[in-house]
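Hi,

Here is the structure I promised to pass on. Have a look at it first, and my notes on what turned up follow below.

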Amino acid sequence: MSGAALGLEIVFVFFLALFLLHRYGDFKKQHRLVIIATLLAWYLCFLIVFILPLDVSTTIYNRCKLAVNSSPAESNGSYVTLAPSNQKCFKPWSYIPNGIMPIFWRVVYWTSQFLTWILLPFMQSYARSGGFSITGKIKTALIENAIYYGTYLLIFGAFLIYVAVNPNFNLQWNQLQTIGIAAANTWGLFLLVLLLGYGLVEIPRSHWNGAKRGYLLMKTYFKAAKLMTEKADAEENLEDIMEEVRKVSESIKYNHPLRKCVDTILKKCPTEYQERMGRNMDDYEDFDERQNSYPSEKSLVKLHKQVIYSVQRHRRTQVQWEILLEQAFYLEDVAKNETSATRQFVHTFRSREPENKILQYFYTPTVEWYWECLLRPWFYRVLAVVLATFSVIVVWSECTFFSTKPVLSLFAVFIQLAEKTYNYIYIEMACFLTIFFLSICVYSTVFRIRVFNYYYLASHHQTDAYSLLFSGMLFCRLTPPLCLNFLGLTHMDATISHKNTQPTAYTSIMGSMRVLSFIADGFYIYYPMLVVILCIATYFSLGTRCLNLLGFQQFMGDSEMTSDLIDEGKELIRREKRNRQRQEEGENRRREWKERYGNRDDSTRNRVVHADQKESSFSETSANRPLSKYTRSNGRTERDRIELLQDAEPLDFNADAINDDPLELDSGR
């Protein structure tokens, strides 16, 4: 079992990252390199979170062996017996042999850092580029990242010059490496505390509000009004962009050198617009080189970029609107079924997705009624209380983890109590729950935040490539300081505990932070206390109120704008519900008509087919007869038709002779 736990977690985390990426990304439409890079970034970050508890338990066992080797002891089987106290140091079931974890952490950490600082920013610019060739996209990406990379090189070069000139510093390569790691972790810790302060309050509150049906329905109405505005804006923007594409397509003909670029743009347009533009094209016309009204390649690159963005935004708003409608209809059904006397859940509309027969067998209407109307609100309340308790423990430990005598951090107390009895299962479970909760608070905030339309993680395969890559960058930058913060909370970091003990394998690759004492003894200890202020600000919704004052409509119960948007959203949902009901009524009438008159229509259709067959057989026999006796009459008819055409007088198409007004024609007659 020494390496089985590590192998199982590696496989499990891979499928977990693949599942989440499939939920947010689109494997069929997005570029494979974008999918692979994002999957690798997510996978490495989730892997660090899941493997770190195994590193903690292995380190505790190694400390025990080190203490035994330094004192009289005798070895027996898989454990070591301490001579002075006769305690047994059992080997954990998930023990990882020495030498594996340092190599593993080194590969994982430096790969994630290469992704977040070099590869993913370059791929972001590459994905947003509107170039028509790989060379053009790479050139655009290099130009956009020149300032980004140049700034870091300038800072690092200035630091190296300062170190070389100052005689008090005698830094080696390992120390320079530690300084680079410390700089990256400092930037990540700055962002980590901001996201953690929001998640520690918002996650328990969202689950508590999830038990309030009226609150959820009002918030859904509010979202519907905002999404309809965004949807209309996306449709208008798409129409404007398609109009520009149409003009460009009509001006650049088939033999123009830039026609291939136009064809590439047309392939990115929706199907209905492609068909409409294809009907209006006159490709037989040649282009005139003397005209100067043709767009340049740079303008086509810009137009290509706008087309990709507008089409993605339009598709995303359409899908989100359908999902929001289903959610609103379901919440209205829950509100209606709460007073049901039969205690069976009745849906207003049938589900458009194919129903799972196994799930349908167990999840009956009665079970659904008890879960949705009785059990689910209480489950969400209990879960909210548990999460709020965890949040309070995290806030307390963040403010007191630097105290070693006495130990005030509750997570450190739990780990030290389990360490005395060498209960590795408890140690791993406590470590996993702690770091998992911290990760949920941070990562869920990354999934929730939205920076206008540039960064937005939308579920149901509606996230664009830029947002996927940006999320991978954030995960790779946030995970290392998150793990260091967790090790500090549990006093497994020697920098915090001030003990000369064997460090974890993860801490060993980070190097000693004593090289930069003002960061190790100052920023790393006192900056996490800022989470208290951020939690208070989140609890009173100060950020939401500021955004509302700036003109960004946010859901606030005491706002007049929120009430107006709720009423507007309720009317939109009511209108869509009437349309859906009319559609279903029409489908039911057609189904009943087909079931009632289906046999009669089939017999009528058979008679018509039989008559057509007889008529076709008759025409074939007539066509096979000799045509000699009809040749003269047909020729005579043809001569009469020619004479009539010759005797016809030409019409005068003067404006005076033609009058389109029917009233004047009647008066003249």
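R213, E372 and R376 are joined to one another in a network of salt bridges. Keep in mind as you read that this is a predicted model. The structure holds 13 salt bridges, and a few of the pairs are worth a look on screen.

Start with R450 and E230, whose side chains meet in a salt bridge at 2.7 Å, N to O. R450 sits in strand β4 (residues 450-451) and E230 in helix α6 (residues 213-251), so this pair ties together parts that are 220 residues apart in sequence. R450 is partly exposed, at 35% relative accessible area, whereas E230 is buried, at 13%.

Next comes E326 with R580, where the closest N and O atoms of the salt bridge are 3.2 Å apart. Here E326 belongs to helix α9 and R580 to helix α20 (residues 560-623), so the bridge ties together parts 254 residues apart in sequence. E326 is partly exposed, with 34% relative accessible area, and R580 is buried, with 7%.

D263 and R259 also form a salt bridge, at 3.2 Å, N to O. Both are in helix α7 (residues 259-268), four residues apart, or about one turn of the helix. D263 counts as partly exposed at 31% relative accessibility, while R259 is buried at 6%.

**Inside the protein**

Leaving aside residues up to four places away in sequence, L478 touches G188, L191, L192, L195, V442 and V446. Of these, V442 is 36 residues from L478 in sequence, with 8.3 Å between the two C-alpha atoms.

**On the surface**

W93, I425, M429 and L433 make a nonpolar surface patch of about 390 Å². L433 comes from helix α13 (residues 424-448) and is partly exposed, at 41% relative accessible area.

There is also a patch of positive charge on the surface, where R350, R589, R590 and R591 gather. R350 lies in the loop between α9 (297-337) and α10 (357-362), and it is partly exposed, at 48%.

**The chain as a whole**

The protein chain has 22 helices and five strands. Of its 669 residues, 39% count as buried. The accessible surface comes to about 39900 Å², and 60% of that belongs to carbon and sulfur atoms. Among contacts between residues at least 6 apart in sequence, 77% join residues at least 24 apart.

Cheers

Conventions: Residues numbered from 1 in each chain as written. Predicted model: local features only at pLDDT ≥ 70, side-chain atom pairs only at ≥ 80, totals over all residues. Heavy atoms only, no water. Helix = DSSP H or I, 4+ residues; strand = E, 2+ residues; numbered from the N terminus. Buried < 20%, exposed > 50% of the residue type's maximum accessible area, 1.4 Å probe, protein only. Contact = heavy atoms within 4.5 Å. Areas by Shrake-Rupley, 256 points an atom, 1.4 Å probe, with all protein chains shown as cover. Patch = residues over 30% accessible without salt bridge, like charges linked within 9 Å, V, L, I, M, F, W, Y side chains within 5 Å. Salt bridge = Lys/Arg side-chain N within 4 Å of Asp/Glu carboxyl O. Lys, Arg positive; Asp, Glu negative; His and termini not counted. Charge placed at Lys NZ, Arg CZ, Asp CG, Glu CD.
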